Amino acid sequence: MDIWNVLEYVAWGASVLFGFFILYDWFVTNSRYSEEVLTSSREGELEAMTEDQRN
Amino acid sequence: MANISTSAPEKVGLLRVLGPAHVWALGVGIVLVGEYMGWNFAVGKGGAYAALIACWFAGLLYTCVAMIDSEVTSTVAAAGGQYTQAKHIVGPLMAFNVGLYLVFAYTMLEAANAITIGFLMDAVATMTGHEGLDQRPFIVLAIMFLAWLNYRGVLATLTFSLVITAFAFSAVIVLFLATAVLTGDSPLRHADLMTDLPYGWVGVLAAMHFGLWYYLGIEGTTQAAEEVRSPARSLPFGTLAGIMTLLIAATLTWYVSAGLMPWEYLGQAGVPLFDAARLSGSTLLMVLLGIGTLFATLASANGCINDASRAWFAMGRDHYLPSWFGAVHPTYRTPFRAIVFLVPIALIFALGAPLDQVITFSILSGLLEYTFMPINMIMFRRKWPLDSIKRGYVHPFHPIPALVLLTLCGTTYFAVFLGYGTQLVAMVAFYIVVSLWFHFWRYRFVNRGAQFTMPWPRPKGY
C-alpha cells in the first residue's frame with residue numbers, strides 16, 4: 001500500500017465526515033426551528049429592512 | 001414535530017456580506033477552468049487561428065452578456081439572477097424555464113469539474129509512478145467539501161473562491177511573462193507552428209462551440225444579487241471587471257499554447273496550459289500551472305454550487321417548486337436545503353455520466369439562457385425606459401449588444417447542431433415537456449400577486 005492508496009481512504013473518510021456534518025446539522029436545524037421560520041425569507045424584504053434601518 | 005427554540009428568530013433571510021471582489025471571484029472562478037482546459041478543442045475543430053477567431057467572437061458575445069446582465073441585475077437585486085429577471089420582465093413560464101437552464105447548466109458544470117479533479121489526481125499519481133488510481137473518492141470529496149463550505153456560509157465560500165481564483169489567474173500571467181517577455185530566448189515558436197485554416201471557414205464555425213468555454217459562466221455573478229452589500233455598484237463592477245479579466249486570460253492562454261504546441265496536439269490535449277508549462281522546460285512553471293489547474297477547477301465547482309442553489313432556492317421561495325426548497329439556515333444564512341438537494345444529483349452525473357455528455361448538457365442549457373437575455377433586455381428597455389427606473393449601470397449602444405448577442409447565439413446553435421444535433425433536439429424536447437407540466441399543473445400553487453416584488457412603476461403600455 002503506497003501513499004496514493006492511503007490518500008484514497010483519506011478521501012473517502014473526509015467525504016463521509018463532511019456528509020455527516022451536513023446531515024447532522026440539517027436534522028438539528030429542522031428540529032429546532034419551525035417551518036414558518038425556515039421558509040420566512042421573502043424576495044425584496046432585505047431592501048425593505050435596509051430602508052427601515054436607515055430611517 | 002419541530003420544537004421552536006425560545007431564542008429563534010421570527011424571520012431569516014440571506015445575508016448581505018459580499019463586496020465587488022467576491023462578485024469578481026464568483027464570475028471568473030466559474031469560468032477560468034475553461035482557460036485551463038476545454039477551449040483547446042476549438043483548435044481541433046478548425047486549427048489555431050479558428051480558435052483565436054472563436055475566442056474573440058465568443059468574447060464579443062460574452063461582453064454583450066456582461067453588459068446586459070449588469071444593467072438588469074443592478075435593478076433586480078434578488079437571488080435567482082436571470083430567473084428573477086425573467087419573472088419580472090417576461091413572465092412566469094419564461095422564468096421557470098430560465099431557472100431550470102441555470103440549475104442544469106451549473107450542476108452539470110459542477111459534475112464536470114469534479115470529474116476533472118479525479119482526472120487530475122490520477123495524472124499526478126501516474127507522474128509519481130502509481131498506476132490505476134481510484135478517482136471516485138477524489139470526485140466525491142470535491143463535491144462534499146464544497147457543498148459543506150457552501151452550507152456553512154457565503155462569505156467564507158466566496159473568499160475561498162477569491163483566493164484560489166486570483167492564484168489561478170496569476171499563474172496564467174506568470175506563464176505568459178516567463179515564456180514571452182522575460183526570457184531572452186523565448187520558447188514560443190509561432191512562426192513555425194501556425195498554419196492556415198485546415199478545415200476552412202466551416203472549421204471556424206465548428207470552433208465556436210468550444211469557443212464558449214473561454215467565458216461560459218460569467219453571467220453567474222448575478223446570483224450574488226441578494227448577498228452583496230451594494231448591488232447597484234458591486235454587481236456591474238464585479239461583472240465587467242470579470243469579463244475584462246477573462247478576455248485577457250483567454251488571449252494570453254491562446255498565445256502561449258499556440259506558440260508551444262502544434263495544432264494537431266493542442267486540439268486534443270487534456271490540460272493544455274499545464275502541457276504548455278511542461279514544454280517551457282521550467283519545473284517551477286509546471287508546479288505553478290499544475291496547482292493553478294486544480295484551483296481553477298475547484299473554484300469553478302464552488303461557484304457552480306453557489307449559483308445552482310440560489311436559483312433552486314429562488315424558485316422554491318416563489319412556489320415554482322415546492323416551497324420547502326425556499327428555506328434559509330437560521331445560523332449560516334444559506335439556502336441549505338437547495339444546496340443539499342443538488343449534491344446527490346451532482347454525484348450521480350459525476351460518477352455515472354461521460355464527461356463530454358455532461359459538458360454538452362451544460363453548454364446547451366447555457367446557450368438557451370443566453371438566447372433569453374437579449375429578448376429580456378429589449379423588453380426591459382421597452383417596458384421600463386431609462387427615465388422610469390433608476391439603474392446602477394446603463395449599458396451603451398442599446399439595442400446593438402442585444403442584437404449582436406441574438407445573432408451570435410443563432411450562429412452557435414448551428415455550430416452545436418453540427419456536432420451535437422441529437423442532444424440539442426432532445427434537450428429542447430425536455431424543456432417543452434417540463435413547460436407543459438408547469439403551465440398545466442405547477443403554476444396553480446404559485447401566489448401570483450406575491451411573486452412580483454420590485455417597487456417599479458407600471459410598465460409602459462400596460
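A salt bridge, as I use the term today, is a side-chain nitrogen of Lys or Arg within 4 Å of a carboxyl oxygen of Asp or Glu. Keep that in mind. One more thing before we start: this is a predicted model.

Let's take a first pair. The side chains of Lys87(B) and Asp318(B) meet at 2.7 Å, N to O, so they form a salt bridge under the 4 Å limit. Where do Lys87(B) and Asp318(B) lie? Lys87(B) is in helix H5 of chain B, and Asp318(B) is in the loop between H14 and H15 of chain B. So the pair ties together parts that are 231 residues apart in sequence. Buried or exposed? Both Lys87(B) and Asp318(B) are buried. For Lys87(B), relative accessibility is 1%.

Now a second partner. Glu43(A) also makes a salt bridge with Lys87(B), at 2.8 Å from N to O. Glu43(A) is buried too, at 7% relative accessibility.

Between chain B and chain A, the count is two.

Another salt bridge, for contrast, is Arg136(B) with Asp134(B), where the closest N and O atoms are 3.0 Å apart. Arg136(B) is partly exposed, at 47% relative accessibility.

On to the interface. Chain B contributes 54 residues to the contact, and chain A contributes 33. Together they bury about 3700 Å², with 64% of it on carbon and sulfur atoms. Polar contacts across the interface come to 15 residue pairs, both residues at pLDDT 80 or more. On chain B's side, the elements giving two or more residues are helices H5 (82-89), H6 (92-127), H7 (136-152), H14 (283-317) and H15 (336-352). H7(B) gives the most, with eleven residues. By type, the side of chain B that touches chain A has 30 nonpolar, 13 polar and eleven charged residues.

Last topic: aromatics. The structure holds 37 aromatic pairs over all chains. One of them is Tyr214(B) with Tyr215(B), a tilted pair, 5.8 Å centre to centre and 45 degrees between the planes. Tyr214(B) is buried, at 0% relative accessibility. Tyr215(B) is buried as well, also at 0%.

And there is a cluster. Phe18(A), Phe21(A), Phe145(B), Trp148(B), Tyr151(B), Phe160(B), Tyr332(B) and Phe336(B) form one aromatic cluster.

Definitions and conventions:
Residues are numbered from 1 along each chain as its sequence is written. Chains are lettered from A and ligands numbered from 1 in the order in which they are written. This is a predicted model: local features need pLDDT of at least 70, side-chain atom pairs count only at pLDDT 80 or more; totals for chains, interfaces and linings use all residues. Side-chain values use heavy atoms; hydrogens and water are left out. Rings of Phe, Tyr and Trp (its six-membered ring) pair if their centres lie within 6.5 Å; planes under 30 degrees apart count as stacked, over 60 as edge-to-face and the rest as tilted. Buried means under 20% relative accessible area, exposed over 50%, partly exposed in between (1.4 Å probe, protein chains only). Contact means heavy atoms within 4.5 Å. Buried area is the accessible area (1.4 Å probe) that two parts lose on being put together, summed over both. A polar contact is a pair of N or O atoms within 3.5 Å; within protein, one must be able to donate a hydrogen and the other to accept it, and residues adjacent in sequence count only if both atoms are side-chain atoms. Helices (H or I, at least four residues) and strands (E, at least two) are DSSP runs, numbered from the N terminus. Ala, Val, Leu, Ile, Met, Phe, Trp, Tyr, Cys and Pro count as nonpolar, Asp, Glu, Lys and Arg as charged, and the others, Gly among them, as polar.
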